[in-house]
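Please read this report alongside the sequence and the coordinates shown below.

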Amino acid sequence: MGHKVTGLDLDERKVNSLQSGKLHFYEPGLNDLLLKHLNLENITFTTDTQKAIKENDVIFLCVGTPQSPNGSADLQYVKNAASSIGSFMNQYKVVVNKSTVPVGTAELVSNIIKENQPSEVPFDVVSNPEFLREGSALKDALHPDRVVIGSTSKKATLIMKELYKEVTCPIIETNPKSAELIKYAANSFLALKISFMNELARLCDELEININDVSKGIGLDHRIGPHFLQAGIGYGGSCFPKDVQALLHTSRKNGINLSILERASEVNRTQATYFMEKLTNTVGDLNGKTIAVLGLAFKANTDDTRESPSLTVVDYLAKHNCNVKVHDPVVRLQSSAYIQYSTIEETVADADAIIICTDWDEYRNIQWHKLKDLMKQPLLFDGRNLINRDDIIGLGYHYISIANF
Ligand code: UDX
C-alpha cells in the first residue's frame, strides 16, 4: 500500500529469521507475503529501538499482554515499549495501541511517554484493537469486518484513516477507552456464544438431540448469526481465555459482577473434563489403557497450543495412567505426558480409543475403515463433532461426541 514498515523486536533470533524471509510460527499465506515485501524492500526488521522509533511516523504497539496470576493483563511489555518511545521520540508521532489492553491503557501509555521524554515533543496515542484470528490472520487483517479507532485527536484520527484507506469496511471512530472495551467485549461475547452452545450440548446429550442442528437452526436467525456456535471441548488459544479473565478482573475491580461471563468461563473450564468423563463411563478404569489423541493445537491451521483444550485432555489421560499417543499435523512439542507420532496410523495402533481434539481437515478426511483394524477396539471420541455419526457407526465404530446425534 505504499508504506515503509519497520518490524522492531528485542529478540535477535526472531528479527534475523524474519529478515531472512523465514516465519518462526505457522500462519497460512504469511510467509509468501513476507517474502514479497522483503523483495520489494517495503519492510525491514531490526532490534535497533532508537532507529526504529526515530525513523517512523506511526508506531504500532503489538506486544504481548499475558495473563497475570490474578487474571489481569500484564502490561510490563506495553510499559517498556512506551518508555522507549518516550526516550527516543524526536518529532510528532502517532502511537497506536494494537495490543489487547485494559481500559485506561491509552492514558497510561501517554503518561509514560511524557515522563520519559528528554524534552517535550508532541504525540498522540490511539487505541486501534486488532480482531484477526490465528489461522486466518491474513484474510481477517486485510478484510476486517470493522476498524475501530479510539482517539481524542483529529490529527491522529486522520492519519489512521489514511493508513486504512484501502480497507473497505465500516470505521468506528470513538474514544480510546471505548475502543479498549470493544476488543474485550467482542472476544468475551464470542466466548459466551461458544460456552452457551457447550452447556446446551450437555442438555442435548441427555435428550439425544443433535447440537449441530440446533446450532444451524438458531444461527440462520440473522439476529444470532451462524458463527461461533460450534460445540466442542471448549475454547482455547492466546486470546479468549486471557481476555475473558482480564475483563472479569476489570469488572470485579469496579464492583460490577459480570455474572454471565463468570459462568461462561466456568463452563469452558469444565468442558474438556465433561468430555473425559464420557471416556471413563465407556472404557471404565483408564489405568494402563492406550489412548490416541488427534490434535494438539487449540484449533485447526495453527501451531499454537496455548490454553489448548487438547492439553487438558492429555493431562487428564496422563493423570489416569494411560499410555498417551498423540498426533498433530504441525505442532511438534516434547512432553513426558505423551509420545508423539508422525502418522495417524502409528498413533492409533493398538489404541483402546481415539479422541479427536482439534478440528484439522486432515482428521475429517481420515479413511476410518482402514484404521479400525489397527486399534484394539473401534472406539472414537469426537471432541469437535467432525465426523458423520451414521457413517462411522456404519463402519462398526462405537462413536461418542458432543451431542452429535
Ligand atoms: C480470537 C478472536 O476470534 C479474534 O477476533 C481475536 O483477535 C483473537 O482471539 P483466535 O484465538 O485466533 O481468535 O481463534 P478463534 O477462531 O476465535 O477460536 C478460539 C477458540 O474457540 C478455539 O479453541 C476454537 O476451537 C474455539 N471455537 C471457535 C469453538 O469451540 N467453537 C466455535 O464455534 C468457534
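## Basis of the model

This is a predicted model, in which local features need pLDDT of at least 70, side-chain atom pairs count only at pLDDT 80 or more, and totals for chains, interfaces and linings use all residues. Residues are numbered from 1 along each chain as its sequence is written.

## Domains and their contact

The domain assignment of the protein chain gives domain 1 (48-174) and domain 2 (181-405), such bounds being taken from an automatic or database domain assignment. The C-alpha centres of domain 1 and domain 2 lie 34 Å apart. To the contact, domain 1 supplies 14 residues and domain 2 supplies 17 residues, where two residues are in contact if their C-beta atoms, placed from the backbone, lie within 7 Å.

On the side of domain 1 that touches domain 2, the residues divide into 7 nonpolar, 6 polar and 1 charged. In this classification Ala, Val, Leu, Ile, Met, Phe, Trp, Tyr, Cys and Pro count as nonpolar, Asp, Glu, Lys and Arg as charged, and the others, Gly among them, as polar.

## The shell around the ligand

Which residues come nearest to the ligand? Of the 19 residues around the ligand, the nearest are Glu134, Gln230, Tyr235, Gly237 and Cys239; a residue is near a molecule if its C-beta atom, placed from the backbone, lies within 6 Å of it. The shell is made up of 10 nonpolar, 5 polar and 4 charged residues.

Both domain 1 (48-174) and domain 2 (181-405) are represented in the shell, each with at least three residues. Helix 8 (residues 176-207) gives the largest share of the shell, 3 residues; helices (H or I, at least four residues) and strands (E, at least two) are DSSP runs, numbered from the N terminus.

## The largest nonpolar core

The largest nonpolar core has 94 residues, among which Val95, Ile291, Val293, Leu294, Val313, Ile354 and Ile355 touch the most other members. Such a core is a set of buried Ala, Val, Leu, Ile, Met, Phe, Trp, Tyr and Cys residues joined through C-beta atoms within 7 Å, and a residue is buried if 20 or more other C-beta atoms lie within 10 Å of its own, exposed if 12 or fewer, and partly exposed in between, with C-beta atoms placed from the backbone.

Helix 8 gives the most to this core, with 8 residues. Because domain 1 (48-174) and domain 2 (181-405) both give residues to this core, it lies between them. When residues up to four places away in sequence are not counted, Val313 touches Ile233, Ala272, Met276, Val293, Ile355 and Cys357.

Helix 4 (residues 76-88) has 13 residues and reaches 19 Å from its first C-alpha to its last, close to the 18 Å expected at 1.5 Å a residue, the expected span being 1.5 Å times one less than the number of residues. Its buried residues are Val78, Ala81, Ala82, Ser84, Ile85 and Gly86, and they pack against helix 3 (49-55), strand 3 (58-61), strand 4 (93-97) and helix 5 (105-116).

Leu61 is placed in strand 3 and counts as buried because it has 20 C-beta neighbours inside 10 Å. Not counting residues up to four places away in sequence, Leu61 touches Val78, Ala81, Val95, Val96, Asn97, Lys98 and Ser99.

Leu261 lies in helix 11 (residues 259-283) and, with 21 C-beta neighbours inside 10 Å, counts as buried. Leaving aside neighbours within four places in sequence, Leu261 is in contact with Ser188, Leu192, Val244, Leu247 and Leu248.

Leu200, found in helix 8, counts as partly exposed, with 19 C-beta neighbours inside 10 Å. Leaving aside neighbours within four places in sequence, Leu200 is in contact with Ile211 and Val214.

## Two loop residues with positive phi

Most residues other than glycine have a negative phi. Glu307, in the loop between strand 8 (290-294) and helix 12 (309-319), has a positive phi near 55°, and Glu307 counts as partly exposed with 19 C-beta neighbours inside 10 Å.

Asn385, in the loop between strand 12 (379-382) and helix 16 (389-394), has a positive phi near 50°. Asn385 is buried, with 22 other C-beta atoms within 10 Å.
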